Amino acid sequence: MSSKNKLKYTTEEFVSPEYIRNRFSKIMSDMYKKEVPLYGELLDLVHGINENVLSESKEIEEQLAHTGELTRLNMERHGAIRLGKPYELFTMRRLFKVMGMYSVGYYDLAPAGVPVHSTAFRAIESTALNQAPFRVFTSLLRIDLIDNAQLRNNVETILEKRQIFTEKVLQLIDKSEKEGGLNKEDAETFVLEALETFRWHDTATVDYEMYEALLHQHRLIADVVAFKGPHINHLTPRTLDIDKVQVSMEARNIPPKDNIEGPPARKCPILLRQTSFKALTEKVTFKNNVEKEEIGEHKARFGEIEQRGAALTQKGLDLYHELLNKTRKAIGGSPTAENASEYNKLLAENFKVFPDNYEELHSEELAYFHYFTTDKAATLPKDKVYTKIDVNQLLEDGYLSIEPMVYEDFLPVSAAGIFASNLGTDDAKREYQGTSNQNLFEKDLGEPVYTLTKWYEDMQDESIQNCLAEINA
């Protein structure tokens, strides 16, 4: 057999990245359900609410069916992990690439009081996203923001000693990179070995005194540094009615955070709205002078829920941030339990200037859309070649239709709000003066991140080109 034929035969034995991603998402969800039983209850709650929304609104059901999101709705999960050192980020990128996940977007959370910068690993093709919409919001600790020099040195020493990946998963990452994929047997082993990196460990790698020092700097620093690895700290299902989820959690005695993060409730949802149940208090064994161990407590893991809306253009994002900042400035900062009601009223009032119908969002170029040909397109005269210049007229005349492109990514202010409400009010008030450093993040990552707006622009343009190709055929 020639080497060419041998390569072809081997490649046909590889399973798809979507298969690996779905398997990993499923077994991680099963693991997290066992570790955090309330998460299982949350999934049941969200699933029930989604069924009700779809049964009551044919418009929403048809919109999701048209964009391909309907079949993926109950598969949707986004996880979050926090890494400690550049090697961990570099290797995590390689691990996620085996699952067909790439780094999209750069998020600097330091201005919001969280000493990390982050990216989201996810699929980058629309069809791949619809087949397996698993995302992991991945943060890297910014050790340079620790203001105590001795503690900063201690953190570097602690992190230098740890290895968060199993030897077997590293071997399989190498194999996938060299051969171009994994067969089913290797993929199953890869999934199980990769899961070990995300598992919760109730034994800290530091003594209680060091844990307290880390905690005093920031609760998130303690969570990153004091444990064997980056335990998954939440897995987030997607709901179609987050306000109903918030009320329903209270009714089920699941303690929700005080306020939903993101834009206000709207007829045409935009970006991302998030809430969560409050972080669990978990027993932890701390190392103490080698001879004895101390039992203490740690708060990190919580249950998050999200409602996704239309992705916004840069113009739309600028308006969103302007209105959000205006609201926060008026109440003196981030919303709290005490001012949540006032904040929500003011937010809704300020957002009245943000168009709340898809036609206006499209005409003002505030959001991104999928384009589709209608049945009427078959009647178009064939005496010209239609181009992008004709798109708006084709829409107006009913030859094309649009559906909103769902926002696949995250909001740093909202992420910081979720962190703050779950990790403690002291940290919520903290401010870091360090400047954003995307260049350093990308150096540690080992490649540039995909620019958010560019990704959506490309997806929208691809959608338009597909329609024009169909019309001009």
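This is a predicted model: local features need pLDDT of at least 70, side-chain atom pairs count only at pLDDT 80 or more; totals for chains, interfaces and linings use all residues.
**The chain as a whole**

- Taken along the principal axes, the C-alpha atoms of the chain fill a box of roughly 85 × 75 × 40 Å.
- Buried residues account for 55% of the 473 residues in the chain, while the chain exposes about 21,600 Å², of which carbon and sulfur atoms supply 49%.
- When contacts between residues at least 6 apart in sequence are considered, 76% of them join residues that are at least 24 apart.

- Strands of a sheet pair through backbone hydrogen bonds, and the pairing may be either parallel or antiparallel.
- Strand S1 (residues 77–83) and strand S4 (residues 134–141) run parallel and are joined by seven bridges.
- Within this pairing, Ile81 has Thr138 of S4 as its bridge partner.

- Strand S11 (residues 369–373) is largely enclosed by the rest of the structure, because four of its five residues are buried.
- S11 runs antiparallel to strand S12 (residues 400–404), and five bridges join the two.
- The bridge partner of His370 in S12 is Glu403.
- Ser463, which lies in helix H20 (residues 452–472), is in contact with His370 and Tyr371 when its neighbours within four places in sequence are left aside.
- With a relative accessibility of 10%, Ser463 counts as buried, since the cut-off for burial is under 20% relative accessible area.

**Two residues with positive phi**

- Leu271 has a phi near 55°, which is a positive value in a residue other than glycine, and Leu271 is found in the loop between helix H12 (242–251) and strand S7 (272–277).
- Glu365 likewise has a phi near 55°, again a positive value in a residue other than glycine, and Glu365 is placed in the loop between helix H15 (358–363) and S11.

**The loop between H12 and S7, and strand S7**

- Cys268 is found in the loop between H12 and S7, and at 7% relative accessibility Cys268 counts as buried.
- Not counting residues up to four places away in sequence, Cys268 touches Asp356, Asn357, Tyr358 and Leu361.
- Cys268 and Ala310 are separated by 42 residues in sequence, and their C-alpha atoms are 7.8 Å apart in space.
- Thr275 lies in strand S7 and is buried, with a relative accessible area of 0%.
- The C-alpha atoms of Thr275 and Lys257 are 6.5 Å apart in space, and these residues are 18 apart in sequence.

**Asn22 in helix H2**

- Asn22 is placed in helix H2 (residues 17–35), and with a relative accessible area of 30% this residue is partly exposed.
- The residues that Asn22 touches, not counting those up to four places away in sequence, are Met75, Gln131 and Ala132.
- Asn22 and Asn148 are 126 residues apart in sequence, and the distance between them in space is 42 Å, C-alpha to C-alpha.

Notes. Residues are numbered from 1 along each chain as its sequence is written. Side-chain values use heavy atoms; hydrogens and water are left out. Buried means under 20% relative accessible area, exposed over 50%, partly exposed in between (1.4 Å probe, protein chains only). Contact means heavy atoms within 4.5 Å. Accessible areas come from the Shrake-Rupley method with a 1.4 Å probe; for residues, only the protein chains shown count as cover. Two strands pair if DSSP finds at least two bridges between them.
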